[in-house]
Amino acid sequence: MINFEYVRAHDVGHAVRMMATDPSAKFIAGGTNLIDLMKEDVERPSRLIDISGLPLKTIDETSDGGLRIGALVSNSDLAWHPLIEQRYPLLSSAILSGASQQLRNMASTGGNLLQRTRCAYFYDTATPCNKREPGTGCSAIGGINRGHAILGTSESCIATHPSDMCVALAALDAKIHLLGPDGVRVVAFNDFHRLPGDTPQIDTTLHSKEIVTAVELPAKGFEANYSYLKIRDRLSYAFALVSIAAALEFDGETIKEVRIALGGVAHKPWRDAGAEAALRGQAPSEAAFTRAAHSLLRDAKAYKDNAFKIDLAHRGIVRTLTQAARATPQSQSDKKIR
């Protein structure tokens, strides 16, 4: 690990000003991703700006019935917060499926948003990686790529976004509040993370001098008909091969609103507005959910080792939507779809 300067931010404005004067500085709160990257010599900040003491640790109701989550709320506090459990159980389920209890106690909401999209080659400084050193190539494309992306890939990168929390936030249509030298900026969640294109080293649309201050949830939480499914190689402390967040709202016996977000399959949480729109007005059925899965995966591209992910995602989408329709988010109930 390289030498670096450590400073504490006194308030949010102070944090922004310090970042503005040092483009190689990094904010640190829980440090669950950044410290790992520094240990592996992937990240080499000249200065760490500690923001863990800033007043960004509350969860407050908004005037329109939603919630505003401070960027420094820990993953554990967020998952177990009574209003999250009651009104946004999809988010709670997703968070609790990720990492370990110890990491969830340390990891912050803002840090989870900003963790690097990565793979093993990103950590291995002896191999080429366009995310680590732009223009050097993507070792995963011709290498071991069992866990890599099948959607939204490019010739520059096929890494997958690792967050469970972010998949649920994508499905919930969250918004991200940012503060920089030019003031406050609010970004729709689905516009925050980027696909790799030819600049895979840029993971988000966050400006270099901005800080995440909060995540805002809308009033609609889909507290009844939701499900989060995470499929992974081992039960605990593993990234998803495929994950699915599904949320439904019914009008009688037909689907009024639907959200589907995928994790483990792309450089960012994956949504497809067309696939969701096709389900509105439909009765919940295996056939309808199968068509939605086909639509979501129509552009999927497999590499040498990960073709199985396409079928796995297809079956996972149908299963998760079925569980959401049955209001059995964590069971294998054999009840008929409502």
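**Helix 1 and its surroundings**

Modeller: At the start of helix 1, a side-chain oxygen of Asp11 comes to within 3.2 Å of the backbone nitrogen of Gly13, which is a polar contact, that is, a pair of N or O atoms within 3.5 Å in which, within protein, one must be able to donate a hydrogen and the other to accept it, while residues adjacent in sequence count only if both atoms are side-chain atoms. This is a predicted model, in which local features need pLDDT of at least 70 and side-chain atom pairs count only at pLDDT 80 or more, whereas totals for chains, interfaces and linings use all residues. Residues are numbered from 1 along each chain as its sequence is written, and side-chain values use heavy atoms, with hydrogens and water left out.

Helix 1 spans residues 12-20, and Val12, His14, Ala15, Val16, Met18 and Met19 are buried within it. Helices (H or I, at least four residues) and strands (E, at least two) are DSSP runs, numbered from the N terminus; buried means under 20% relative accessible area, exposed over 50%, and partly exposed in between, with a 1.4 Å probe and protein chains only. As background, an α-helix has 3.6 residues a turn, so residues three or four places apart point the same way. The cover over the buried residues of helix 1 includes strand 1 (5-8), strand 2 (26-28), strand 3 (47-50), strand 6 (175-180) and strand 8 (211-217), where contact means heavy atoms within 4.5 Å.

Beyond its neighbours within four places in sequence, Arg116 touches Asn33, Leu37, Glu43, Phe122, Lys131, Pro162, Gln201 and Asp203.

Phe122, one of the contacts of Arg116, takes part in the 1 aromatic pair that the structure holds. The ring centres of Phe122 and Tyr123 are 6.2 Å apart and their planes meet at 70°, so the pair is edge-to-face; rings of Phe, Tyr and Trp (its six-membered ring) pair if their centres lie within 6.5 Å, with planes under 30 degrees apart counting as stacked, over 60 as edge-to-face and the rest as tilted. Phe122 is buried at 1% relative accessibility, whereas Tyr123, at 23%, is partly exposed.

Ser108 lies in the loop between helix 6 (101-106) and helix 7 (109-114) and is buried, with a relative accessible area of 8%; leaving aside neighbours within four places in sequence, Ser108 is in contact with Ala29, Ala71, Leu72, Val73, Ser74 and Asn75. Ser92 sits in helix 5 (residues 89-96) and counts as buried at 6% relative accessibility. The Ser92 side chain reaches the backbone oxygen of Ala79 at 2.6 Å, and, apart from neighbours within four places in sequence, Ser92 has contacts with Ala79, Ile84 and Glu85.

Two backbone angles also deserve mention. Asp41, in the loop between helix 2 (34-39) and strand 3, has phi near 65°, a positive value in a residue other than glycine, and Asp41 is partly exposed at 36% relative accessibility. Ala327, in the segment after helix 13 (308-326), likewise has a positive phi, of about 60°, although it is not a glycine.

As for the whole, the protein chain contains 13 helices and 11 strands. Its radius of gyration is 20 Å, close to the 20 Å that the globule rule gives for 338 residues, so the chain is as compact as a globular protein of that length; the radius is taken over C-alpha atoms, and the rule is 2.2 Å times the number of residues to the power 0.38. Of the 338 residues, 54% are buried, and among contacts with a separation of 6 or more, 63% join residues 24 or more positions apart.
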